[in-house]
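Let's sit down with this structure and learn how to read a few of its features.

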Amino acid sequence: MRGAASVLVLVAPLCFAQTLVVDRDRDRHPINPNIYGINFYWSARDTAAGTAARELRVTARRWGGNNTSRYHWSFDVSNLDADWFFEVLPDNRTDASKLPEGSSFNRMMDHVVETGGIMISTMPIMGWMPKARQRMCSFSVQKYGPQCRTDPYWSDCGDGRKPDCRTNIENDPYDTNVPVDEEFGAEWVRYLAAKYGPANRGGVAVWSLDNEPIWWSGTHRDIHPQPQEYDETFEKGMRWAKAIKSADPTALVTGPVSAGWESFYFSLKDCNAGWRSRGVNGGADWQYWNNPVDRREHDGKAFVPWYLEQFRKYEEENGQRLLDVLDLHAYIAPEGIPFSKRGDEEKESLRLTSTRVFWDPEYRAKWTPDLDDLASPDYGKPAAAALIPRMKRWVADHYPGTQTAITEYHWGASESITGALAQADLLGIFGREGLDIATLWDPPAPTDPLAFAFRLFRNYDGQGSAFGDVSLYAASPDPDTLSVFAAERTADKALTVLVINKTPAERSARLELAGLGAGSLLEQWRYSEADLARIERADDVRASDDGSIETTAPGYSLTLFVVPAPPPPNGEPAASHAPRRQNR
């Protein structure tokens, strides 16, 4: 390694027996800035979130989640679905006389335009919308009788279940809704393109084909009581995608916005049939994958690959690409990890090591069973998720040229250093593995440790300096203890190297960069439990006579090294270190 000027080596003492390797000339590829995204991160009530969006230099912002599946853009109302008693509650902050101007969506879009980044919006495709801008609910107690639970603030509005809390009430969807078709969506796209410009000139950049269709019959059962199926999901998606493209041909369309591991392989029709087959399969084998009736009707193909194939066939037959991005929700963490607070050392070790489900072909987890081949002897046994490589393989095999996105994920402990470490590890993984878009669900408070993971990548010095935008080869023999990510910054050719100590123990390392001059100084930035309120500018690290650097990473810490670019030839001025502005 000493003979290659582009190689950085961190050698841990023998008691840790680790060598971390970074190669500047290997596996180079751009990091898409849209992986540093967050759902919403905007609130009319909270100016701090707006300030943080600027300071964290958040990129993609997604208007998503269950309620956006029922958003009526000209009334500026949503049905709050099963999340809150299937109610329509108009926002009193909106001046209804000026709608659609001043809607909550427009206010978020204004904020994105102001602070930079791109807007990702959910396009409702189920075919029903609230019928008016007025307070309504789908399961009136006065009409449908007593129910399991009622809104504590509105006693006439129930949860749609009979008092036994098991039996669903059959309602009339026309009580609070009207049917709409894809032209309703096209009108919204045309309106926004006229107001903000088309996608390629600063308007809404990305449209997602609804949200988590596998749960429609639960979350939105007042309008969609039947279980989701393969054909419906594609056919509705295809129609609405055509409408979006007709209104703004420059916009990207994503789908199927699936919810989690089972929804990548099956429809809800499959899962329901599997659960009902308990007696057939002997009890102990009772699982949602036991009787995939819908999948068998589609040649045994897993749902996501089948979905990609349908859009590929449409393009082959019609000469138009309707689906640009494979969009999944990565709720594939171990039970008790997403959205949870910090626990004991065992739990935090699991939080910090389970990020391997996104990339590691050797990391098998019981919560991600092998569901690829219905006839495989490994069917239902623990599989290596390796989710991002798996998504890329699905794309390569079934619809080449499609981008990849994970528009919801969360690894928990937002309030803790361990949450910051897990989030930083994920951002590093997304960049290294070549994901195109990622948006965190459940935005952190600006002062949460998890927010500092974004700062470390996007604005570690408070002056706009960022982790590099060209990914470089970086490897660790034991990423469960120390993980490492590296990149080159195009603006000034500096090398940035992030080392994450996932253990509570202090770990020393020896850093070698062949060709680094004796006495050279490297910037060192650190975030740790020593001060959860800021990223510390630690002492610069001075190279020894042989160009090596001795350093120590505190337990549970993030350490970012910034290696200056080599001096330009012939005394030419060095590239500017000034931060680059975000594209808008």
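Q: Which strand does strand E5 pair with, and in what sense?

A: Keep in mind that this is a predicted model. Strand E5 (residues 61–63) pairs with E9 in the parallel sense, over three bridges. In E9, Ser121 is the bridge partner of Trp63. E9 also pairs with strand E15 (residues 206–209), again in the parallel sense, this time over four bridges. There, Met123 stands opposite Leu209.

Q: Where do the side chains of E9 point?

A: In a regular strand, side chains alternate between the two faces of the sheet. Here Met119, Ser121 and Met123 point one way from E9, while Ile120 and Thr122 point the other way.

Q: Why is E9 said to be largely enclosed?

A: Because five of the five residues of E9 (residues 119–123) are buried, the strand is largely enclosed by the rest of the structure.

Q: What about helix H13, how many of its residues are buried?

A: An α-helix has 3.6 residues a turn, so residues three or four places apart point the same way. H13 is mostly covered, with 16 of its 17 residues buried. From first C-alpha to last, H13 (residues 417–433) reaches 24 Å, close to the 24 Å expected. Just after H13 comes Gly434, with a positive phi of about 80°.

Q: Why does Tyr153 count as exposed?

A: Because its relative accessibility is 69%, and exposed means over 50%.

How values were computed: Residues are numbered from 1 along each chain as its sequence is written. This is a predicted model: local features need pLDDT of at least 70, side-chain atom pairs count only at pLDDT 80 or more; totals for chains, interfaces and linings use all residues. Side-chain values use heavy atoms; hydrogens and water are left out. Helices (H or I, at least four residues) and strands (E, at least two) are DSSP runs, numbered from the N terminus. The expected span of a helix is 1.5 Å times one less than its number of residues. Buried means under 20% relative accessible area, exposed over 50%, partly exposed in between (1.4 Å probe, protein chains only). Two strands pair if DSSP finds at least two bridges between them.
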